[in-house]
Amino acid sequence: MTSDVWLPVPAAEIEGLPEGFAYRFWDGGQDFPADPADCAFYVVPYMKGPEIAVRPLAAMTSLRAVQTLSAGIDHVQPGLGDLHAGVHLCNARGVHEASTAELTLALVLASLRGIPGFVHGQDKEEWRAGFYPALADKSVLIVGYGSIGAAIEDRLTPFECARVARVARSARTTERGPVHPLADLPGLLPGADVVILSTPLTEETQGLVNAGFLSRMKDGALLVNVARGPVVDTKALLAELESGRLRAALDVTDPEPLPAGHPLWHAPGVLISPHVGGSTSAFMPRARRLMADQLTRFAGGEPLRNIVLTTR
């Protein structure tokens, strides 16, 4: 019997898909495109939230692989307990690095150079000249040094930073230098002018940026979050922003979407973008290539790429 593959993009729009599967288009609509029990390979709808992502999982009794189109997997983890053993969960490593790193640099530069103030000044026809901080000669700390963290450092290199320090779950050495373990964070934070969060959301990183973390950051430092909103304790961050001691540039927030009337919207020194790190013109071509490559591997019995975990 032909196995079903659920795709959030019509199969006709993806070049290079292998034959031998029944491709079903489902982008999170109320009605399923077919019986979930027949699905062997499930590509999760992009940016539709955990409720939609996990909705068909319990009924997918023939499932062998789940492919996200995001770097993070936290939106599908709540449904993994419903799966039988041996299902591979793969993330979208290679899809979002360039776009997320671009936005990270845009947020850093806009915040340091005062671009939001210039925009408000233009609206009011005000000429807001003056001296503003440069990225050059600043010390940058990247918390979460996976493929996105490395892509961020690639783009920081031409800006003549004084230093780039790297932190990940465990220590290792890279071509650019050492990667420190999370345990080293307390000693690294006081020396950083810019702290960039690009870590996945896990039990270890949820609430990582709490009052203690923020208190160790130097006066005037900039916190940039392109990871997940719950990595940061919003209440603790608001306290630091409202005091004027720290600034922030946030592509993700907790809660998200940020509701109207939330104090974070108008906190001093904050720049907010609406979780668009990966939502660019570069996304779909790379996502299509990933889906075609993974399904070709799946059809040929070859190892899948980007396996994050296998259910037991």
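A network of salt bridges links D293, R297, E302 and R305. A salt bridge here is a side-chain nitrogen of Lys or Arg within 4 Å of a carboxyl oxygen of Asp or Glu. The structure is a predicted model, in which local features need pLDDT of at least 70 and side-chain atom pairs count only at pLDDT 80 or more, while totals for chains, interfaces and linings use all residues. Residues are numbered from 1 along each chain as its sequence is written, and side-chain values use heavy atoms, with hydrogens and water left out.

Helices (H or I, at least four residues) and strands (E, at least two) are DSSP runs numbered from the N terminus. D293 is partly exposed, with a relative accessible area of 27%, and R305 is also partly exposed, at 41%. Buried stands for under 20% relative accessible area, exposed for over 50%, and partly exposed for values in between (1.4 Å probe, protein chains only).

## Other salt bridges

The count comes to 13 salt bridges by this rule. One of them joins D27 to K48, with 3.0 Å between the closest N and O atoms. D27 sits in the loop between β2 and β3, and K48 in the loop between β3 and α1 (50-54), so the pair links distant parts of the chain, 21 residues apart. Both ends are partly exposed: D27 has a relative accessible area of 29%, and K48 one of 35%.

The side chains of R228 and D74 also meet in a salt bridge, at 3.2 Å from N to O. R228 lies in the loop between β11 (222-225) and α7, and D74 in the loop between β4 and β5, so this pair ties together parts that are 154 residues apart in sequence. D74 is partly exposed, at 21% relative accessibility.

## The six-stranded sheet

Six strands form an open sheet with mixed pairing, in the order β2-β1-β3-β4-β5-β14. Its edge strands, each pairing on one side only, are β2 (21-25) and β14 (307-310). From one strand to the next the twist averages 20°. Two strands pair if DSSP finds at least two bridges between them. Strand β1 (residues 3-7) runs parallel to β2 and is joined to it by five bridges; the bridge partner of L7 in β2 is F25.

Helix α8 (residues 283-300) lies across β1, β2, β3 (39-43), β4 (65-67) and β5 (88-90), and runs at about 160° to β3. Axes are lines fitted to C-alpha atoms, for helices over the stretch in contact, and angles run from 0 to 180 degrees between N-to-C directions. Contact means heavy atoms within 4.5 Å.

## Nonpolar cores

The largest nonpolar core has 33 residues, of which L141, V195, L197, F213 and L223 touch the most other members. At least two residues of this core come from each of β6 (139-143), β7 (163-168), α5 (185-188), β10 (194-197), α6 (211-216), α7 (234-243) and β12 (247-250). The largest share, four residues, is from α7. Another core, of 24 residues, lies apart from it and has V108, L135, A151 and V179 among its residues. A nonpolar core is a set of buried Ala, Val, Leu, Ile, Met, Phe, Trp, Tyr and Cys residues joined through side-chain atoms within 4.5 Å.

Leaving out residues up to four places away in sequence, V195 touches L141, V143, L189, F213, M217, L222, L223 and V224.

## Helix α2

Helix α2 (residues 97-113) is mostly covered, with 13 of its 17 residues buried. At 1.5 Å a residue, its 17 residues should span 24 Å, and this agrees with its end C-alpha atoms, which are 24 Å apart. The expected span is 1.5 Å times one less than the number of residues. G114, which follows α2, has a positive phi near 80°.

## Backbone exceptions

The peptide bond joining D254 and P255 is cis, with omega about 10°. The bond from E256 to P257 is cis as well, with omega near -5°. P255 lies in the loop between β12 and β13 (270-272), and P257 is placed in the loop between β12 and β13 too.

M47 is not a glycine, yet has a positive phi of about 60°. M47 is in the loop between β3 and α1 and is partly exposed, at 43% relative accessibility. E125, not a glycine either, has a positive phi of about 60°. E125 lies in the loop between α3 (115-123) and β6 and is exposed, with a relative accessible area of 76%.
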